[in-house]
Amino acid sequence: MKKLLLLFLTVSLLVFISACSNDAEGEEPEEDTSGEEQQTDENSENEDTNEAEATNEKVEAVFWHAMSGGGQESIEAIVDNFNQSQDQYTIIPEFQGSYEEALTKFRSVGGTEDAPAIIQTFEVGTKYMIDSGFIEPVQSFIDQEGYDINQLEENILNYYTVDDQLYSMPFNSSTPVMLYNKDAFEEAGLDPEDPPQTFEEIKEAAEKLTVKDGDNTERYGFSILNYGWFIEELIATQGGLFVNNDNGRSEEATEAVFNGEEGLRVFQLIDEMNKAGTYGNFGSNWDDIRAAFQTENTAMYLDSSAGVAGTVENAPFEVGVAYIPFSEEAERNGVIIGGASLWMSNGIEEEKQQAAWEFMKFLQTPESQAKWHIDTGYFAINPAAYDEEIVQERWEEFPQLKVTVDQLQETKPSYATQGALISVFPEARQQVVTAMENVLQGTDPQEALDQAAEETNRVIEQANRANE
């Protein structure tokens with residue numbers, strides 16, 4: 001039954017968008033015995049030589065990650081800094097493609113000596129990783145060493161903490177923010193320094209920002225990527241939950257509740273603005289909605305905090321950054337962390353686990369986190385990094401980045417902002433995306449949400465039954 005559950009959960013995690021991957025087997029380099037001159041009893045002598053060399057070698061630990069482009073360059077530089085900072089361990093970073101591709105590969109070696117010491121997994125894979133039995137909670141090393149976890153960002157740690165145990169070390173962490181065209185605000189008679197905060201204010205501002213030429217809309221007022229993450233965030237900032245049993249945190253989740261009043265308010269906002277012609281639907285591709293903003297086809301949209309610097313640099317107008325909007329019928333609660341974390345394998349040599357732990361600690365130092373933040377736009381897991389000179393200089397150039405940090409740090413810790421814990425999260429997100437698309441095609445918001453919740457309940461039930 002356990003194998004059936006793992007197979008079911010693995011398949012469900014393959015729903016998301018995939019990316020290119022480079023195969024990496026994580027094999028250690030062969031010993032160099034070219035200096036051997038005597039041929040008598042060669043095998044025995046080589047074995048002795050190898051054993052002697054091994055005592056002086058660093059422990060090698062493989063790190064599977066899914067970062068490409070600038071993220072890959074940055075993490076490889078940090079790994080290099082770690083490897084040169086001490087003489088006991090060598091971390092070997094290996095790109096495995098998308099999160100889904102990396103997780104599929106991990107599934108085939110998890111729990112064995114062939115598993116990587118560290119694997120990066122997206123946040124919605126948290127429940128799967130815990131249930132897999134293939135990982136060693138980092139809490140084990142925290143307790144053993146007395147590591148001061150209070151130095152790290154509480155609102156990031158909360159997501160990966162289950163039953164007071166930190167299971168993985170946060171890595172690339174982000175939240176959504178609202179980006180807006182300050183020049184368009186001025187043209188529309190809106191204050192560019194006072195962006196809308198509530199759903200109603202978004203609707204009113206969008207009406208003024210929308211530009212039409214006959215039946216053609218040249219600029220929409222507001223847009224949201226067709227991606228379930230944003231709906232989860234807009235529900236959570238109202239204090240709403242995604243699934244029952246405290247978002248699956250107090251007990252196993254048994255049903256979706258995102259079709260409650262908080263979710264309905266979000267879908268009603270989209271529905272009303274779409275019918276009014278002020279909402280731009282640019283699909284589910286991140287590049288498309290970012291291009292729409294930079295070409296002034298939409299004046300406001302939601303994006304990841306990690307994408308802020310790039311958008312500010314590339315836009316031909318001044319870009320403003322604001323907190324995500326919330327319903328005036330609720331209080332602002334804040335945001336759920338997104339991104340990915342680093343998990344430690346079990347079933348491998350203890351010295352490789354120790355190497356993984358030492359690297360994880362190095363990664364959380366202010367110096368490492370400062371570099372990571374300015375290179376990628378992801379949050380610094382250790383807030384002390386924001387005091388580093390390179391970060392202060394970056395914030396002077398891009399003051400918008402501080403807005404993303406402020407929103408995170410002002411988040412109220414709760415089950416809502418801690419995020420949902422379900423093993424079939426990818427499928428649930430896809431159901432929400434389908435519901436969004438249906439609303440944009442004219443389906444009643446409550447009906448669309450109820451259909452999505454019903455399908456989510458079905459896969460939750462299947463997963464729970466398989467785990468019995």
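Analyst: Here is a walk from the whole protein down to single residues.

A word on the ground rules: this is a predicted model, where local features need pLDDT of at least 70 and side-chain atom pairs count only at pLDDT 80 or more, while totals for chains, interfaces and linings use all residues. Numbering runs from 1 along each chain as its sequence is written, and side-chain values use heavy atoms, with hydrogens and water left out.

The protein has 21 helices and 13 strands; both are DSSP runs numbered from the N terminus, with helices being H or I of at least four residues and strands being E of at least two. Of its 468 residues, 55% count as buried. Buried here means under 20% relative accessible area, exposed means over 50%, and partly exposed is in between, using a 1.4 Å probe and protein chains only. As for contacts, meaning heavy atoms within 4.5 Å, residues 24 or more positions apart account for 78% of those with a separation of 6 or more.

Now the core. A nonpolar core is a set of buried Ala, Val, Leu, Ile, Met, Phe, Trp, Tyr and Cys residues joined through side-chain atoms within 4.5 Å. The largest one has 133 residues, and Phe222 and Met300 touch the most other members. This core draws at least three residues from each of domain 1 (59–174 + 338–410) and domain 2 (176–334 + 422–467), with bounds that come from an automatic or database domain assignment.

Who does Phe222 actually touch? Leaving out residues up to four places away in sequence, the list is Met178, Ile202, Ala206, Met273, Thr278, Tyr279, Gly280, Thr298, Met300, Tyr301 and Leu302.

Helix 9 (residues 199–209) and helix 12 (residues 261–276) pack at an angle of about 10°, with their axes 11 Å apart. That makes helix 9 roughly parallel to helix 12; angles under 35 degrees get that label, over 145 is roughly antiparallel, 65 to 115 is roughly perpendicular and the rest are oblique. The axes are lines fitted to C-alpha atoms, for helices over the stretch in contact, and the angles run from 0 to 180 degrees between N-to-C directions. On the helix 9 side you'll find Phe199, Ile202, Lys203 and Ala206, which meet Arg265, Val266, Leu269, Glu272 and Met273 in helix 12. By class, that contact has six nonpolar, no polar and three charged residues. For the classes, Ala, Val, Leu, Ile, Met, Phe, Trp, Tyr, Cys and Pro count as nonpolar, Asp, Glu, Lys and Arg as charged, and the others, Gly among them, as polar.

Next up is Arg219, in strand 10 (residues 216–219). Arg219 counts as buried because its relative accessibility is 8%. Not counting residues up to four places away in sequence, Arg219 touches Ala184, Glu187, Leu209, Thr210, Val211, Glu296, Asn297, Thr298 and Ala299. Arg219 and Thr295 are 76 residues apart in sequence, yet 9.3 Å apart in space, C-alpha to C-alpha.

Most residues other than glycine have a negative phi. Glu296 sits in the loop between helix 13 (286–294) and strand 11 (300–304), and at 31% relative accessibility it counts as partly exposed. Asp164 also has a positive phi, near 65°. Asp164 is in the loop between strand 5 (161–162) and strand 6 (165–166), and it counts as exposed at 69% relative accessibility.

Phe230 is in helix 10 (residues 228–236), buried with a relative accessible area of 0%. Leaving aside neighbours within four places in sequence, Phe230 is in contact with Pro176, Ile224, Leu225, Trp286, Leu302, Asp303 and Ser304. Phe230 and Ile324 are 94 residues apart in sequence and 9.4 Å apart in space, C-alpha to C-alpha.

Lastly, Phe379 lies in the loop between helix 16 (366–376) and helix 17 (389–397), and counts as buried at 0% relative accessibility. Phe379 and Ser305 are 74 residues apart in sequence and 8.2 Å apart in space, C-alpha to C-alpha.
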